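Here are some notes for a colleague who is opening this structure for the first time.

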Protein chains: 2
Amino acid sequence: MNHRLEKLKSWMKEKNVDVTFLTSSENVFYLSGYYTDPHERLLALVVFQEQEPFLVCPEMEIYNAKRAGWEQEIIGFSDTDHPWELIQTSIHKRIKRVSKVAIEKEHLNVERYEKMLELFPQASFVSAEGKLQLLRMIKDAKELKLIEEACALADYAVEFGCSEIKEGKTELDVLNALEYALKQKGVTEMSFSTMVLTGANAASPHGNPGETKIKKGDLVLFDLGVVVDRYCSDITRTVAYGDINDKQKEIYDTVLKAQIAAIEASKPGTTAAEVDMTARKIISDAGYGDYFPHRLGHGLGISVHEYPSMTSTNQLRLEEGMVYTIEPGIYVPDVAGVRIEDDVYITADGVKVLTKFPKELQIIK
Amino acid sequence: MNHRLEKLKSWMKEKNVDVTFLTSSENVFYLSGYYTDPHERLLALVVFQEQEPFLVCPEMEIYNAKRAGWEQEIIGFSDTDHPWELIQTSIHKRIKRVSKVAIEKEHLNVERYEKMLELFPQASFVSAEGKLQLLRMIKDAKELKLIEEACALADYAVEFGCSEIKEGKTELDVLNALEYALKQKGVTEMSFSTMVLTGANAASPHGNPGETKIKKGDLVLFDLGVVVDRYCSDITRTVAYGDINDKQKEIYDTVLKAQIAAIEASKPGTTAAEVDMTARKIISDAGYGDYFPHRLGHGLGISVHEYPSMTSTNQLRLEEGMVYTIEPGIYVPDVAGVRIEDDVYITADGVKVLTKFPKELQIIK
């Protein structure tokens with residue numbers, strides 16, 4: 001944790017930021033080790049260039065924050081306290097002049113921002129989010145281990161889901177059964193709303209699972225992820241129920257070829273854009289360019305969508321420690337929807353694939 | 001819907017608000033009929049004193065918004081459009097001078113607020129949230145019907161949960177089983193994280209369900225709610241597994257007496273504080289005042305916590321159409337935790353209880 005705070009402090013010195021005031025559960029967790037969803041109550045981590053940082057949370061959570069490993073000051077407040085006065089006092093105990101404050105502009109709401117403007121009428125406010133995204137983008141060994149555990153559970157979920165595919169079952173039947181199986185393994189949170197889509201529904205990149213019954217000759221698409229100790233996985237597999245036609249097979253093979261090529265292109269020094277374009281070119285050359293309407297993938301970690309963004313224009317160079325998804329798809333209305341997604345980790349000289357459910361076309365009989 | 005917009009417009013005229021710019025999914029839904037969770041993308045409903053309102057949403061959602069019944073203008077934007085420019089143009093097509101803008105200060109983030117400050121450098125910004133809370137507080141017949149359906153499903157969930165209580169089962173076993181049963185009835189969303197708590201866990205007003213096994217002589221507390229077409233229910237029942245001791249019984253009887261008295265005190269003209277104090281006095285007189293640390297209840301509807309707040313100090317008078325919870329509790333560490341919660345609706349001359357699972361102590365054998 002201290003290592004992470006030191007990196008933030010270096011950035012603050014470079015940018016002349018006097019105070020960084022973080023309020024999202026994700027960023028507070030990343031730097032303090034304490035995760036909580038405070039609902040409408042205030043949660044904040046306040047960091048200085050030199051002085052000791054402090055955490056602000058409801059009084060009844062102080063014990064949990066300490067138990068999570070936060071050893072520095074905690075400002076607890078009750079429902080009748082005025083947390084902003086406590087914060088002002090604690091800041092001014094540390095530094096006298098506040099000229100520049102870094103905040104999470106996409107997270108902090110106007111009501112709280114107005115409080116900060118009152119407290120620091122002389123200060124300018126800059127965004128801390130870009131820096132936090134860059135810090136979080138490079139995973140350490142402990143983070144990788146948690147993501148790998150989350151990936152293994154995602155593999156299990158797809159496997160279990162496949163075993164539930166039977167004539168007459170609906171998308172929701174299969175979805176509910178696989179989530180229940182995960183809960184019995186102790187999973188308490190999914191990375192996002194699980195998708196089980198079949199037939200025409202799977203041919204939309206953002207379909208909603210419903211009462212559609214799975215029938216022979218259909219493709220079934222699973223897109224899901226599991227959270228393990230705050231770290232997310234994200235997998236997509238498309239399987240066949242019974243025999244599928246040649247057009248469906250051609251689409252599947254094209255997506256798989258693109259997906260494997262993008263994995264092979266993933267290594268330190270390559271740009272995100274090059275990886276995206278490797279997959280995109282294969283799909284375009286096969287005549288399906290118009291049916292692949294989204295980016296190749298996205299970073300993942302504490303959030304299911306974080307840096308790096310794997311788009312055709314992102315010139316960011318890949319580095320050891322990055323974790324992201326590779327998920328090309330082809331969606332041809334009334335014909336087929338196929339997406340294949342793995343989570344990968346950039347190593348010192350290549351790539352490690354973290355999700356392991358088979359990718360050669362699975363035919364469920 | 002138009003009726004609701006007309007009420008908002010009257011308030012805008014009274015307060016000289018030129019533009020109301022709403023961004024939360026809940027308030028946009030309340031006034032437009034269209035619900036979406038736009039994630040990081042912008043969603044907004046823009047309302048004027050006289051001119052036609054417009055909705056702002058991602059391009060791919062326009063069809064859904066229309067299908068949900070929104071007949072007025074929709075500004076759709078793609079990932080490469082600049083929605084703020086489109087908004088500025090659409091506003092200035094309607095009115096030339098913008099002096100006062102109402103926004104959701106607890107919802108709008110600083111990044112978007114800065115865009116608005118750029119667009120309307122002369123304007124002052126006030127909060128729209130209080131007014132929306134007051135509008136949403138009075139439910140119409142359609143809203144009541146949905147809440148009643150959500151309450152019936154909550155009753156079913158408690159009943160099913162009770163049938164799952166057996167020696168050796170954990171809190172999570174019972175919780176997962178009852179949620180799975182709800183999913184099989186088509187429920188796709190709970191009002192909040194379901195709680196099934198037993199023994200010492202139930203003696204904390206904010207325990208977390210876990211691997212604790214239910215054993216004879218324990219109380220088991222269920223706190224859960226179901227969402228039906230965006231409207232929430234919220235029920236708590238505490239049941240006994242096998243025979244419980246006299247102290248546990250005394251606590252149960254005290255909570256039940258307080259809960260029933262608060263229901264009887266609920267009618268138009270009474271204040272929220274009077275209702276809270278009716279229950280609180282019974283609990284205090286029985287010697288448990290220090291063990292009832294929270295408000296009596298909260299309004300519910302599109303949000304699981306909304307107006308009216310049922311506290312000992314809220315002088316708001318009850319009116320026909322309000323829906324709120326009545327949920328006194330007594331939590332004595334290492335002895336017992338009991339809470340009993342119903343959802344109620346204020347009628348023209350009294351109260352209607354919407355949750356119906358029995359409240360006389362249920363003893364599971």
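1. With which residue does Lys215(A) form a salt bridge? The partner is Asp218(A), and the closest N and O atoms of the two residues are 3.6 Å apart. Please keep in mind while reading that this is a predicted model.

2. In chain B, a salt bridge joins the side chains of Glu143(B) and Arg4(B), with an N to O distance of 3.5 Å. This pair links distant parts of the chain, since Glu143(B) belongs to helix α7 (residues 141-163) and Arg4(B) to helix α1 (residues 2-15), 139 residues apart. Glu143(B) and Arg4(B) are both buried.

3. Another salt bridge of chain B brings together the side chains of Lys139(B) and Glu306(B), at 2.6 Å from N to O. Lys139(B) is found in the loop between α6 (129-137) and α7, while Glu306(B) is in strand β13 (residues 306-310), so the pair ties together parts of chain B that are 167 residues apart in sequence. Here, too, Lys139(B) and Glu306(B) are both buried.

4. Returning to chain A, the residues Glu52(A), Glu73(A), Lys93(A) and Arg94(A) are joined into one network by salt bridges that share partners.

5. In general, side chains of opposite charge can pair when their charged atoms come close.

Methods
Residues are numbered from 1 along each chain as its sequence is written. Chains are lettered from A and ligands numbered from 1 in the order in which they are written. This is a predicted model: local features need pLDDT of at least 70, side-chain atom pairs count only at pLDDT 80 or more; totals for chains, interfaces and linings use all residues. Side-chain values use heavy atoms; hydrogens and water are left out. A salt bridge is a side-chain nitrogen of Lys or Arg within 4 Å of a carboxyl oxygen of Asp or Glu. Helices (H or I, at least four residues) and strands (E, at least two) are DSSP runs, numbered from the N terminus. Buried means under 20% relative accessible area, exposed over 50%, partly exposed in between (1.4 Å probe, protein chains only).
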